Amino acid sequence: MKSKKQGKKSNKKDIKKFKADVLQERLLSEYLINSSFDGILAFDNECRYTVWNTGMERISGLSKDKVIGKYAFDVFPFLKETGEDKVFREALSGKSVITKDRIYKVPETGQEGFFEGRYSPIRNEEGEIIGGLGIIHDITVRKKMEELLVENERRFRSLIESAPNVIVFLDPNHKIIEFNEEAEKLYGKKREDIMGKNYLDLFISKDIREIIAKDIKKVLSGLPTRNFENEIITKDGTKKVLAWNVNRILDFNNRPIGVMAIGQDITEIKEKEKELGILSKFPSQNVNPVMRVTEQGKLIYANRSSSYLLKAWKCKINTLLPGHIVPSIKESYISGKNKTIDINQDDKKYLFAIVPIKGQGYINMYGTDITEYMKSREAFNVLQLKNEAILASVTDIIMEVDKNKVYTWANKSGYDFFGDDVIGKEAAYFFEGEQKTYEVVNPLFNGDESTIYVESWQRRKDGEKRLLAWWCRVLKDKNGNVIGSLSSARDITEQRKVEEEIKNSEERLKILYENAPDAIYLYDSKGNIIDGNRKAEEIIGYKREELIGKNMLTAGIFPFNQIQKVTKILASTIVGKQGGPIDVVLKRKDGSLVPIETTAYPVKIHGESVIMGIGRDITDRKKKEDEIIKSQKIESLSVLAGGIAHDFNNILTHILGNIDIAKHLTDKEGKIYKILDDAEKGGFQATSLTRQLLTFAKGGEPIKEICFIKDIVKDSATFVLRGSSCRCEFSIDKGIWLARVDPGQIGQVIDNLVINAKQAMREGGVVKISISSYIVDEELILPLEKGEYIKICIRDSGVGIPKENLNKIFDPYFTTKNEGSGLGLSTVYSIIKKHNGHITVQSESGKGTEFCIYIPAYKGKIEKPVKEENIIEKDSGRVLIMDDDKAVLNVLSRMLKHIGYEVVSTNDGKEAIKVYKESMNSGKPFDAVILDLTVRAGMGGKLAISELLKIDPNVKAVASSGYSDDSTAAEHKNLGFKEFLGKPYVPEKLSKVLKSIKAQK
C-alpha cells in the first residue's frame, strides 16, 4: 500500500497536470479566437466583457485592456440606442439572435460604421448559462459599396435617359439588357415589357436580320464595322429611318459582354432627299446646315445655318470646300450612293449626309449638330470605366439577377467564384443541398426594400462546396416596378469553421497544441515551469514531467551566459509586456546546445498571471545567415571582378590586336615574328584570367530575356521624380534574371510606390531602389512557391507608417492622405498577386518605409556554341563599328581592313545610328555592324540595336563585349543581334563571324 505521504504527492502531481491541461486549452482557445478576421466578444451574466479579440480591437479601436471587465453599455452607449442591449439579454436567456445593419460609433476613438452580429449563450458543463458569445461582422465597406453602386446606377440612368438619341444595350445573343426613354417613344414599347427579349426578332425585318447579326458579331470581336441604317415601323404605324453607331461593351477583364447601339432618327433627311426638287423650298428656314456643291467640291449654295462652318473654313460661294471633305463628295458622286461623314470644327461636331442628285450634276449636303450627343456618350463611357474600376477592386462577390432569379451581371469576384459561363444561369443551379434561400429572399421580388441576409451552400466553379453569406437588395425601374435583385456575397466557409471550432474545440485544441511546429511552454511569473508541448520535449530533450515544477533559471536548461537574456525577457512579461523575440541558446539533456528564437507573452487565466513562451529551433536559419554573409562577400568581390575583367579585356584587345597585325606585316621566318608570337601567346594566357574573373562575376547559368524588368523600374521611377525635389539612387545587381510580366502593370506598381515615397519626403530626399535576383525555397517564410524570383526594394527616408496602420495599407480605400483615393496600394497588391508574386513592407514612424516586391523569373534554353577553325577568310564590304574605347576602335579597324573590309568608326550608339541611316539614304548601306554593348556616358549596343532595327529590320549586327561568356551571346541574340564577339578579338573568329552573317538572308 502507498503511504499517506506518497498519496499526497501523487494528488498534487495530478492537480498540477489538470491545471496545466486547463491552462493550455484556454490558451489555445484564445489563439483561435484571435485568428478570426471578425470580431469575437464574450460577456458574463452582468453584461461585463470577458473576451475581446483582435478583430474587435480593429473594429472599435479599443484594446482589450480598456474593455475587459467593464460594463458593456458604459463602454458603448450606442448599444442601447440600437437595441443591442435587448439582444444581450436574449442571449443570456438562452436564445440565439442575429442583428443586421446596426450602426456603431465609438466616442473614445471616433471610429464608426455598420455591423451585423450573431449572439448565443455560453453554458458550463452542467448546462447553466454563464455568459454570452458575440460574433461581430463589420459591413462598413459593403454598405459604402452598396451606396456607391446605387448612386452609379442613378447616374447611369440619368445619362442614358437624358440622351437625345435612341440607346439600346444588347447582350451577345441579341437580348435587350437596356432601353432608354427615347427608344420607348420610338418603338412604342415599355422597357420592362421587352427586357430579355431578342431585339432582332422584335424590331428588325427578316430580310436584313442576318446582315445586322453579322455586324454585331464583328463589333463584339473588335473588328471595324460600318455605320448602318434601317427602317422601322413606330407605334403609330409611321415609318422611321435610323442611323446607328454600334460599340462593344467590355467588362473589367476586357471580355465583350454586349453592345451599345446609339440610333439617330434621320427620317427627315431621307424624306427631304426624295422631295428635293427645288432647293429653295426649305433650306433657308432649316436650323441645320444645308449646302449644295459640284462634283468637284465647289460650293454653289449654303443656307444661313451654314454660316458658322463657312466662316471657320474661310469658304464662300464658288470656292472649294476644305480638302478633307472633298474626297467624300467625289466618292459619293462617282458611286451615286449616299454617304455620311463626321466633321469636327473647333468644339463642335456635325454629322453630314452627302446626297448626289442623279442627272443634275450636283450634290446636296445635310448636316446636324451632334456635339451634345457625343458629350453624353463620352460621359457614359467615363462612367462605365469608373464603375468597372470600382467593381474590379471589390473582393466581395456582387451579382445581379432578373425577376426569374437568372444571373444577368457579375463582377470579377463573381466570375472567379461561379465561372465565366455564369450569366444566363438560374441562381438555384449553384445550390448545394436542400435550402430555403428562395423563401428567404422572395419578399424582395414582392417589392420589399430592406436588405435581406441569407446564408447558402453553393458550388464553386471547381466543384467545391462553399458557404456564402448574401446581402440582397431589390432592383426597381424608374416606375417602381421590380426588375430583379442586386446581391453581394462573401465566402464564410472558413469563418464558420472557426466558429464551430470555438464552440467544440477541446480535443482539437489538444491535438493542435501537441502537434504545433514550434515549442510552446507555460510558466508562472517566478519562472516555474507549468507545462510544455511535444515539440518542446523534442527540442530540449527532456520529458515534460521532468521539468514541471522546476525553475527555468535553475533547472540547467540554459547555459550560464544565457541567464541574463532569459531574465530580461521574464522581467518584461512580469510587467505585462511582450518579451522578445530574442535568440537564446538552450542546453539539451545530452549536453548539446541548440539555438532558438523565443517570444514570451503575458496572459491571464482565471485571474492567475501566466506566461506563454513560443520557441523555434533556428539551427538551420543560423546556418543560412552565415551562408548569406558569405554570399554577400562573394557578391561584392564578383562585382569588382566583373569590372576588372571588362576593363582588362579592352586592354588585351588593344595589345593582342596590334600584335596580330604586326605579325601579318612581318616575315614569318624572322626573329621579330617569333618575338611577337611569344608575346601573343602570353597575352592569350592572360585571357584565361579574364575568363575566370568573368565566371566568378557572372555566376550560374544565364536565362533568355522576355522583359528587362530593371529598365521598367528605372524608367518609371525616373519619370515620376522628374522635376521634384527628390531623386533616385539605383542599386541593380549584375545579371538580373528576366521576367515574364506586363510592363504597363509593373510600371504602374513602381509609379505608385515611388509616388508614395515622394509624398512621404515633403522636403525632398533620396528614393533608394535595389533590384536583385532571389531564390525562394521551403526554408524561407514567404507565401511563394519555391523557385527563382526578382526582388525589387524601394526605400524612402520619410515620415514612415504607424505600426497600427501597417496591416491596413493594402485594404481598398484605406488612406491617411487628404488627397488620396486609398486605391494605390490595393492596386499594387492586386497586380503583384496577378503576377504570382508577393509584396512586403517594413516601416517605422519617422524612420522611413521599405517595400519589397518578389516577381517570378523566366528561364529559357541556351544555344550551344559551334567550334570554329582558326583561319582568316579574306572578304570585302562595308562595316560600321562602335566602341567608346579609341584604342579598341583603332585595333578593330586595322583588323577589318587587313581582312579586306572598308571600315567606318563611331564612339557611341547615337553616332552609329546616325551614320547607318545616312549610309542607307546615300545608297551605300553597310554589310555589317559591330556594336559594343557597354558605353560609358553614352548609348550602348543594347539600345542602339533597337533603333537600328526600326531603321532596317534586316540589319546584320554583331554584339561585342568584354563579358565574353555564352550567356551574354544568348541574351543579345534575343535583342536582334545576329552574332556575338567577345573581347579580345581574334582575327580568325572575326572574319568567320562577318562572312557568316553576310550570307544570312
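Guide: One term is needed at the start: a residue is called buried under 20% relative accessible area, exposed over 50% and partly exposed in between, using a 1.4 Å probe and protein chains only. What you see is a predicted model, in which local features need pLDDT of at least 70 and side-chain atom pairs count only at pLDDT 80 or more, while totals for chains, interfaces and linings use all residues. Residues are numbered from 1 along each chain as its sequence is written, and side-chain values use heavy atoms, with hydrogens and water left out.

Visitor: Which residues of helix α5 are buried?
Guide: In α5, which covers residues 84-92, the buried ones are E84, D85, V87, F88, A91 and L92. They lie on the same side of α5, because they cover an arc of only 155° around the axis, where the arc is that of the directions from the helix axis to the C-beta atoms. An α-helix has 3.6 residues a turn, so residues three or four places apart point the same way.

Visitor: And what follows α5?
Guide: The helix is followed by G94, whose phi is positive, near 110°.

Visitor: How many helices and strands does the chain have?
Guide: It has 31 helices and 35 strands, counted as DSSP runs numbered from the N terminus, with helices being H or I of at least four residues and strands being E of at least two. Of the 1001 residues in the chain, 45% are buried.

Visitor: Okay, S60 next: buried or exposed?
Guide: S60 is buried, at 3% relative accessibility, and its place is in helix α2, residues 54-60.

Visitor: What does S60 touch?
Guide: Leaving aside residues up to four places away in sequence, S60 touches W52, F76, V106, T109 and Q111, where contact means heavy atoms within 4.5 Å. The C-alpha atoms of S60 and D138 are separated by 10.0 Å, although the two residues are 78 residues apart along the chain.

Visitor: Changing topic, at what angle do α28 and α29 pack?
Guide: Helix α28 (residues 909-921) and helix α29 (residues 941-951) pack at an angle of about 15°, with their axes 9 Å apart; axes are lines fitted to C-alpha atoms, for helices over the stretch in contact, and angles run from 0 to 180 degrees between N-to-C directions. That makes α28 roughly parallel to α29, since angles under 35 degrees count as roughly parallel, over 145 as roughly antiparallel, 65 to 115 as roughly perpendicular and the rest as oblique.

Visitor: Which residues make that contact?
Guide: On α28 they are G909, I913, Y916, K917 and M920, and on α29 they are A944, E947, L948 and I951.

Visitor: How about α24 and α25?
Guide: Helix α24 (residues 709-721) and helix α25 (residues 743-760) pack at an angle of about 40°, with their axes 9 Å apart, and the two are therefore oblique to each other.

Visitor: Last one: where is K314, and what is its phi?
Guide: K314 is found in the loop between α12 (307-313) and α13 (326-335), and its phi is near 60°, a positive value in a residue other than glycine. Most residues other than glycine have a negative phi. K314 is exposed, with a relative accessible area of 78%.

Visitor: And N318?
Guide: N318 is found in the loop between α12 and α13, with a positive phi near 75°, and N318 is exposed, with a relative accessible area of 53%.
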